[in-house]
Amino acid sequence: MWDTFLIALYAFAGAAAAGVAGAGVLRLIRRRSLTASVAVVAAVGVGAMLAGTLAVAWAMFLSSHDLTVVTTVVAMAAVVSLASALLLGRWVVARSRELTDAARSFGDAGAFAAPHGPATAELDALGRELAATSARLAESRERERALEKSRRELVAWISHDLRTPLAGLRAMSEALEDGVATDPGRYLKQIRTEVERLNDMVGDLFELSRIHAGTLPLSPARISLYDLVGDALAGADPLAREHGVRLVGDRVEPVPVEVDGKEMTRVLGNLLVNAIRRTPPDGTVAIAAERTDDGVVLSVTDGCGGIPEEDLPRVFDTGWRGSDARTPPAGAGLGLAIVRGIVEAHQGRASVRNIPGGCRFEVTLPAAKA
């Protein structure tokens, strides 16, 4: 038993010395190729065995013949181990370089394609992750292009919509200043109307900027949908009367929700105003609220005749106003973008779909906790 312990002790001492030396070499070449590191690891394994064998042979006073035999066997094992390590290292390095070349496509705004051929499990997992990242970057670039297009359109439309009322305000103020206005009271009333419209446009821009910046302040409170819809209907009733449109809100369930009352009233107000302006006289705009499996759904149905299918995905984009709404009083195309931003800030979603004779805007919100 004592002899076995001594053999193990001498073998461990020799192997430990080889291991420490190998660790030092690995530290020195840590920035070199993987092939060199793998070769050092293989050499450490063989060296540890050789060192342990030599230590035991020295302690046990083995014959020179036996020592030569052992050394020869270890040397042959070292040759095979180093050759295998070099081949493995070169293969791994080659796969890594292929992966590196494929990853350069990110910088060229291209799509990542994993190199063909076998690879280690780690490199294969890295390739799949790079492919997923490439797909996400492609989606991000597409969204960025769409947003940039929306911004350009918005700037163009805002410039047009600002120029028209400003020109009118200038003409009316000059007429009042020169005393050539035949009906000053009508001019003043029109000036006030234009100023209010410009003020609303600036307010929408400010609201949208806060939504895009993620700084929209919300003060959620428990509110009944019945009260929320009632306030929105009361605010939209004068405009509906002016356009000869009937407002209907008889399918509203008194379901509680936790929302910012002021912001959600603005959401419903924007949807109702949009529906009233698109519905012909003697038409009907209906608002409903009900609980579903997905949460609480608020819907506004109009009689606009429907939206072209190719335009449906863009309805909530910033600046979108449709092909027949490029002039005042249609607005700057911010209302529905604000609707989507406020709803998403409440962890909800906004959607639109065509129905016979018109379209239906739906807002889905999380139900209030019991």
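I take buried to mean under 20% relative accessible area, exposed over 50% and partly exposed in between, with a 1.4 Å probe and protein chains only. The model is a predicted one, so I kept local features to pLDDT of at least 70 and side-chain atom pairs to pLDDT 80 or more, while totals for chains, interfaces and linings use all residues. Residues are numbered from 1 along each chain as its sequence is written, and side-chain values use heavy atoms, without hydrogens and water.

**Entry 1. Chain**

I took helices (H or I, at least four residues) and strands (E, at least two) as DSSP runs numbered from the N terminus. The protein chain has eight helices and seven strands. Of its 370 residues, 34% are buried. I count a contact when heavy atoms lie within 4.5 Å. Among contacts between residues at least 6 apart in sequence, 71% join residues at least 24 apart.

**Entry 2. Phe 316 and Phe 361**

I looked up aromatic pairs, in which ring centres of Phe, Tyr and Trp (its six-membered ring) lie within 6.5 Å; planes under 30 degrees apart are stacked, over 60 edge-to-face, and the rest tilted. The count comes to one aromatic pair. The ring centres of Phe 316 and Phe 361 are 6.0 Å apart and the planes stand at 85°, so I noted the pair as edge-to-face. Phe 316 sits in the loop between strand 5 and helix 8 (335–345), and Phe 361 in strand 7 (residues 358–365), so the pair ties together parts 45 residues apart in sequence. Phe 316 is buried at 7% relative accessibility, and Phe 361 is buried at 3%.

**Entry 3. Leu 271 and helix 7**

I found Leu 271 in helix 7, buried at 2% relative accessibility. Leaving aside neighbours within four places in sequence, Leu 271 contacts Val 300, Leu 336, Val 339, Phe 361 and Val 363. Leu 271 and Val 363 are 92 residues apart along the chain, and their C-alpha atoms are separated by 9.9 Å.

How do helix 7 and helix 8 pack? Their axes are 9 Å apart, at an angle of about 150°; I use lines fitted to C-alpha atoms, for helices over the stretch in contact, with angles from 0 to 180 degrees between N-to-C directions. The crossing is left-handed, that is, the near helix is turned anticlockwise from the far one by less than a right angle; clockwise would be right-handed. Residues of helix 7 that meet helix 8 include Val 267, Asn 270 and Leu 271.

**Entry 4. Helix 5**

Helix 5 (residues 184–213) comes within 10 Å of helix 8, axis to axis, and the two cross at roughly 35°. This crossing is also left-handed. Asp 204, Glu 207, Leu 208 and Ile 211 in helix 5 meet Ala 337, Ile 338, Gly 341 and Ile 342 in helix 8. Among the buried residues of helix 5 I noted Glu 207, Leu 208 and Ile 211. Gly 214 follows helix 5 with a positive phi near 70°.

**Entry 5. Helix 6**

Buried residues of helix 6 include Leu 225, Leu 228 and Ala 232. The buried residues pack against elements including helix 7 (261–278) and strand 4 (284–292). Just after helix 6, Gly 244 takes a positive phi of about 70°.
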